[in-house]
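Hi,

Here is the structure I promised to pass on. Have a look at it first, and my notes follow below.

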Amino acid sequence: RTTGASTSIEEFHSVLKSSRRILALCGAGLSAASGLGTFRGAGGMWHNYQATALATPEAFEHDPGLVWLFYAYRRSKALQAKPNAGHFALAKCAEVMNGNADKGEFLCLTQNVDGLHQRANHPDSQLKLLHSSIFDLKCHSCDYIDKNNFSDPVHPSLVIEGDGPPPQLSKKASNTVSAQAAYLDPNTELTIPLDQLPHCPNCKDGLLRPGVVWFGEALPYNTISETYDWIDAEKKIDLCLVIGTTATVYPAAGYVDTAREKGARIVVINMDVNELGAAGSLRKGDFLFEGDSARILPEILR
Ligand code: BJW
């Protein structure tokens with residue numbers, strides 16, 4: 001599926017030099033070198049306890065404490081992590097190209113919610129958080145939203161002990177099939193009693209939840225519309241960098257095909273190129289760099 005793609009950094013540099021509009025789609029693999037787990041594949045943090053069981057509104061409605069523990073753990077890990085050389089290389093590229101008519105435009109679409117792009121000083125206007133931020137909290141019942149809440153623990157009942165995921169998650173995960181079945185059983189006990197979970201300071205009634213985009217939920221309206229404005233501009237896209245993502249979750253993955261339709265060469269940077277969705281079919285003119293994006297991005301974006 002990757003036949004014909006070039007692996008030459010030299011060749012890439014000469015294409016990069018003449019590129020005026022660059023789109024990047026980032027995923028969890030970009031933050032792997034910062035010590036944060038991915039979702040799928042080898043080392044996928046949800047490998048044992050099914051993404052779909054934890055990242056849906058239905059899961060939250062069924063056992064909010066379990067879902068909160070998953071997010072409290074990831075918030076805490078993200079706060080301890082530092083942006084890596086890949087985040088910095090992207091931020092620098094965006095800054096150099098930003099607002100300079102001669103040098104072109106760079107837009108980074110990230111599926112990551114961990115805040116590491118922002119901490120690498122990626123210019124805000126060149127960064128779209130497709131799945132929002134793990135540091136936003138919102139009410140599950142009313143419109144209340146608390147943005148950039150970096151408190152850790154996020155609530156006294158959500159203290160994360162030790163280094164690994166909370167044991168409640170591992171227990172449910174011991175066998176993914178039966179865990180899923182148990183999970184859907186309305187008679188299972190709640191992981192944390194409702195009155196001990198964070199509640200909305202506005203309506204008082206509703207539970208607070210992580211402000212991320214779960215399966216079945218719409219992506220933030222402004223983010224999508226600004227992304228389409230950029231992509232649909234009457235201009236060619238020269239390059240589409242697909243970094244550390246399986247490109248299997250939509251609509252994010254669809255931007256790779258759209259960029260291709262707008263003339264872009266696809267550039268895949270991934271540790272494991274065997275299981276890629278929308279970015280899997282590379283052809284002549286495309287590029288493929290297999291390995292850690294924290295090592296590859298600084299080399300290719302030099
Ligand atoms: C390295 C590395 C190293 C490792 N260096 N590489 C068709 C069209 C449109 C939608 C759909 C569709 N079919 C189905 C849908 C619905 C659904 C969907 O896409 N499902 C798919 C499973 C098929 N999509 C949705 O529900 C979306 N919403 C939607 O469509 O709304 C419609 C709507 C409109 C109007 C009203 C209402 C609804 C929402 C999707 C939300 C996804 N959310 C999550 C959780 C976010 C919060 C959180 O973080 O917890 O987003 S799921 C999870 O997957 C997370 C990620 O951002 C996302 C993508 O994962 P990613 O980043 O690719 O990670 P991995 O683990 O898959 O890959 C890591 C890669 O890194 C691997 O390739 C490794 O090899 C590599 N790697 N180390 C470089 N060091």
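Which residues come nearest to the ligand? Of the 34 residues around the ligand, they are Gly 27, Gly 29, Phe 39, Gln 111 and Tyr 250. Bear in mind while you look that this is a predicted model.

A bit more on that ligand shell. Sorted by class, the residues come out as 16 nonpolar, 14 polar and 4 charged. Two domains contribute: at least three residues of the shell come from domain 1 (1-36 + 83-132 + 219-302), and at least three from domain 2 (42-80 + 135-211).

Now to the cysteines. The UniProt entry, which is unreviewed, lists Cys 139, Cys 142, Cys 200 and Cys 203 under "binding site". These four span 65 residues in sequence, but no two of their C-alpha atoms are more than 8.5 Å apart, so they gather at one spot.

I went through two of them in detail, starting with Cys 200. You'll find Cys 200 in the loop between helix 8 (176-184) and strand 6 (208-210). Cys 200 has 21 other C-beta atoms within 10 Å, and it takes 20 or more to count as buried, so buried it is. Cys 142 lies 58 residues away from Cys 200 along the chain, yet 8.3 Å separates their C-alpha atoms. Beyond its neighbours within four places in sequence, Cys 200 touches Cys 139, Ser 141, Cys 142, Tyr 144, Asp 205, Gly 206 and Leu 208.

Cys 203 also sits in the loop between helix 8 and strand 6. With 13 other C-beta atoms within 10 Å, Cys 203 is partly exposed. Setting aside neighbours within four places in sequence, its contacts are Cys 139, Ser 141, Cys 142 and Tyr 144.

One last item is helix 4, which runs over residues 64-80. This helix has 17 residues and reaches 24 Å from its first C-alpha to its last, close to the 24 Å expected at 1.5 Å a residue. Of its 17 residues, 13 are buried, so helix 4 is largely enclosed by the rest of the structure.

That's what I have for now.

Cheers

Note on methods: Residues are numbered from 1 along each chain as its sequence is written. This is a predicted model: local features need pLDDT of at least 70, side-chain atom pairs count only at pLDDT 80 or more; totals for chains, interfaces and linings use all residues. Helices (H or I, at least four residues) and strands (E, at least two) are DSSP runs, numbered from the N terminus. The expected span of a helix is 1.5 Å times one less than its number of residues. A residue is buried if 20 or more other C-beta atoms lie within 10 Å of its own, exposed if 12 or fewer, and partly exposed in between; C-beta atoms are placed from the backbone. Two residues are in contact if their C-beta atoms, placed from the backbone, lie within 7 Å. A residue is near a molecule or strand if its C-beta atom, placed from the backbone, lies within 6 Å of it. Ala, Val, Leu, Ile, Met, Phe, Trp, Tyr, Cys and Pro count as nonpolar, Asp, Glu, Lys and Arg as charged, and the others, Gly among them, as polar. Domain bounds come from an automatic or database domain assignment. UniProt positions are given in the numbering used here, feature names are shortened, and annotations may be inferred rather than shown by experiment.
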